[in-house]
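Here's a quick briefing for anyone opening this structure for the first time. Have a look around, then read on.

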Amino acid sequence: MSPSPQGDPRTTEPSITEPREVHRKHPKTWAAGVPAVAVALKRGLEQMGPVRTAQTLFHLNQRNGFDCPGCAWPETPGHRKHAEFCENGAKAVAEEATRRAVTPEFFARHGVEDLRTRSGYWLSQQGRLTHPMYLAPGDTHYRPVSWDEAYGIIADELGALSSPDEAVFYTSGRTSNEAAFVYQLFARSLGTNNLPDCSNMCHESSGAALGTSIGIGKGSVTVPDLEAADLILIAGQNPGTNHPRMLATLEKAKHNGARIVAINPLPEAGLMRFKDPQKVGGVLGSGTPLADDFLQLRLGSDMALFRGVARLLRDAERAAPGAVFDHEFLDEHCAGVDDYLALLDDVDLDEVADITGLARKQIEDLADAVRTSQRIVLCWAMGLTQHRHAVATIAEGTNVLLLRGMIGKPGAGLCPVRGHSNVQGDRTMGIYEKMPESFLAALDAEFGITSPRKHGYDTVAAIKAMAAGRVRVFMAMGGNFVSATPDTEATAAALGKCALTVHVSTKLNESHLATGRHALILPTLGRTDRDVVDGVPQRVSVEDSMSVVHLSRGSLPPVSDQLRSEVAIVCELAQRAFGPDHPVPWAQLMSDYDVIRDRIERVIPGFEDFNIRVRRSDGFVLPHPPRDSRSFDTPDGKAHFAHHPLEWVPIPEGRLILQTLRSHDQYNTTVYGHDDRYRGISGNRRVIMVNPADITALGLRDGQHVDIVSEFRGSDGLEERRVHDFEIVAYDTPRGNAAAYYPETNPLVPLDSVAKESNTPVSKAVVIRLEPA
C-alpha cells in the first residue's frame, strides 16, 4: 500500500479522549426515534466520511449487499426497507468500514507494554489492521512479517505438538458459513475437536435445554410467527440495545393485536415504547407502546415464575378439564407429562411470589394470559442463559409452552434470540467441540480424512487446559477472547502459557496483548470489504437467528492489499501445514466459495441445492422438524417435559447479586462510545447500578466510589475477586440486585462458576459486596 498524504485519517493517529466523569440523566422510556438516526449518521461520518457512509449503510442487509456484522435478527421475508439497519448496526459498520488504519508504523510507535495501558475503546478506535504482525520471543514490539513467514511460524508450532489436542481453535460468531466450515475441517484434519466458540458463553444453555426437550437446539419460530402471535413473553432480554430491529417486528405484532409481557430485572426502554424512525409516527408522534406488562423479577427467579404459571395452568385444567391443556398434542407428541404435573403439587405460589419479588396477582395475571392465548411465543437471551440453573430455567419455560401445544403451530413457539451475526451458522457448520457422529462420518466420507471422536474443549475447558500447560497453540478466528471470557486475569495468564497465540482480526483489541511466548496478528477482510479471487467477486453466506441462510457480499476496497479473507487464511495455512498430498483440496476450496458450498451440501442435511437456493432473494430456511411437522429428533421421537428441582438465586445477608450487561454504546466487547443513552448514564463505564434502598441499607451513598468484590464458594473454599473504583448509581433494580457493564466486570466471574449441563459462565448471578474505594 503506497504512503498516504499527510493528514489522511488512515495514517494520522486519532486523538481519543477517555472520559472520566459520570453524567446522569433520567432513563429513557422509549427507544429509537430521531436520536438513533442522528447518532448513527454522526458515527458514520466520523469513522467513514460521507461517501463511505452512503456506500455502506444503504447496502446493509440488502439482497445484493452485506449482512450486518452485529446482531443476528432476521429481515421480514419479502419486505426489506431501503434503510434496513438500526443504530447499533450502523455503529458496527462504522467501526469496520472506518478510514482509520493501524499500520506497521503504529506498532513501531507503541510497544506491547504501552498498549496494555490503553482501554479496549482506545484500541478499537485506532482503526483497521493492515499487515500481518509478529511478536517474536523476547520482543517488546510487534513487527510486520509476510504471510509466508506467518504461515511458517504456525505450521512449525503445529508440527511440534506432541498431540493435536495441544492446539485450540476458537471462533467468533462473525465468521461466515464458508470460513467456519473450512476452519473446523482444518482442525479435524489436524486431529482435534478443540473448537470452542462464543456460543459456549451465551446460548449454550439454550441449545442444551432445547436439544433435550424438543430434539434441536434452535428456536422454532419465524418473523411471521412473531407478527401473528397473540401473546409474546420476552424474558431476560433487552432488544432496544442488543437486537434493535426486533422492535419493528414487535411493533407489527402489537398492531396485529399481540399482548407483550416484559420479564426482566431492569426496565428497558425498547420494551416500553418504540419510535420507528422510518415512520412519520416515530419521528413526529409518540411511537408505539410495546409491553402491556412489566414483571420486574429478581435475578435468577425466572424458573420459579414459569413453574408458578405451570401450577396455575394445571389448577385451571383441573377446574375445567380439556379447556387449558392441548391434550391431543400432549398425548401424541410428548413424554413425561404426568411426572411433570406431579412436580407441580409441591409448588407454593406464595413462595414463588417471595422468590421472584412479584405480587401474587402479577403471577396469576400472567398465567391467565397464557391460559387464554391461542398463539404464544417465548423469547429470551442472556438474562436466562447465564445462570447456574439456566438449562433448567429454559426447560421450564419450554414446559409451559408444551402444556399449551405451542410448538409446531403458526404464531407460536420458542425464540432464543441469538446475539452475534452467524453465531448459529457457525454451529451448523461444525464449530462445536462435540459434533454428532452423523456429521463426523459425513465429513470423513466427503474428504477422505479421519475426524477424531474424542470430545474437545469448550471455552472454559480450553482456558483451564491452557492454564495447566496442556495447550501450546491457541488460534482465534475473530473475536476478543480475553475480554469476552470470564475471570479476565486468569484467562490472560492462561494465554501467556501457550507457545504461540494467533488472532485473525479486523481491528486491534486486548487479546492481541495477552500473548504466548510469541504471537501473530493476521489482518482479515470484514463483511463490508470486497472479496475477489482471481478476478471473480466472492460471496459468503450466513444463518440468522431463525435458521434463514442468505448471501452477503462486501463492496468496499480493502484498506490494504495485505488483507486476506478468512477462507484464504485457513486454506493457505492448511496447504503449508499439511503439504501437497493432503486429501482435502484446499486450493480448490479457496479459489471458489461455490465449491465450499457444494461440499457443505454433501455433508450437512438441509443444504440441498445450496448454491441455487442461497441465491434466491431471501435465501432459504433450514429444516426444523418440531416447527415443520411436530416431529422430534429424540430417542423416542417425542418432546420431553423436563423434571428439574426448583432453583433460584438467594441473596446472602449484606450482599448483592450482580448481573453484567452491555451499555447501549457497545456490541459484545466492542465499545463504540461512553453514552448509555437509554439508561441515562454517560461519561464513564465504571459504574454499578444499585437500588436506592440497598444503597442506604449497606451504609453507602449514591455517587460514592467503591470496589466490587465477588465471592464464590468453590472446592477450595471461599474465593474472592476484586475490581476497583466504580461509582454507585441509584437505579431502578430489584432489591438485592445490581448491574454493571462488561467487560469491565468480567474479572469478577470465576472460571468455575458455570451453568450445569452447558458450562456457560454465570455472568448474571455474581454474589458481591461493595467496599468504599
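Residues are numbered from 1 along each chain as its sequence is written, and side-chain values use heavy atoms, with hydrogens and water left out.

**Confidence**

- The protein chain averages a pLDDT of 93, and 96% of the residues score at least 70; pLDDT is the predictor's confidence in each residue, from 0 to 100.
- Over residues 1-9, pLDDT stays under 50, and the model has 12 contacts there beyond four places in sequence (contact means heavy atoms within 4.5 Å).
- Where pLDDT is low, the predicted coordinates should not be read in detail.

**Nonpolar cores**

- A nonpolar core is a set of buried Ala, Val, Leu, Ile, Met, Phe, Trp, Tyr and Cys residues joined through side-chain atoms within 4.5 Å; buried means under 20% relative accessible area, with a 1.4 Å probe and protein chains only.
- The largest one has 65 residues, and those touching the most other members are Leu158, Phe169, Phe181, Leu520, Leu522, Trp586 and Phe607.
- Helix α7 (residues 177-190) gives this core its largest share, 9 residues; helices here are DSSP runs (H or I, at least four residues) and strands are too (E, at least two), numbered from the N terminus.
- A second, separate core of 55 residues includes Ile216, Phe306, Val391 and Ala639.
- Not counting residues up to four places away in sequence, Leu520 touches a list of residues that includes Met133, Tyr134, Val145, Leu500 and His503.

**Pockets and cavities**

- On a 1 Å grid over the protein atoms alone, a cavity is a set of points where a 1.4 Å probe fits but cannot get out, while a pocket is an open set with protein on both sides within 12 Å along at least five of seven lines; lining residues have an atom within 4 Å of a point.
- Grid points are joined across faces, edges and corners, and a volume is the space filled by probe spheres set on the points.
- The largest pocket has a volume of about 1300 Å³, and among its 37 lining residues Gly215, Ile216, Gly217, Lys218 and Pro436 lie nearest its centre.
- Elements giving two or more residues to that lining are α8 (204-214), α21 (423-428) and α22 (437-447).
- The second largest pocket comes in at about 940 Å³; it has 30 lining residues, with Arg118, Ser119, Gly120, Glu510 and Arg686 nearest its centre.

- Buried residues in α22 are Phe439, Leu440, Ala442, Leu443, Asp444, Glu446 and Phe447.
- The cover over those buried residues includes α7, α21 and α28 (593-603).
- Just after α22, Gly448 takes a positive phi of about 70°.
- Ser199 sits in the loop between α7 and α8, and counts as buried because its relative accessibility is 6%.
- Leaving aside neighbours within four places in sequence, Ser199 is in contact with Glu204, Val423 and Arg427.

Methods. This is a predicted model: local features need pLDDT of at least 70, side-chain atom pairs count only at pLDDT 80 or more; totals for chains, interfaces and linings use all residues. Buried means under 20% relative accessible area, exposed over 50%, partly exposed in between (1.4 Å probe, protein chains only).
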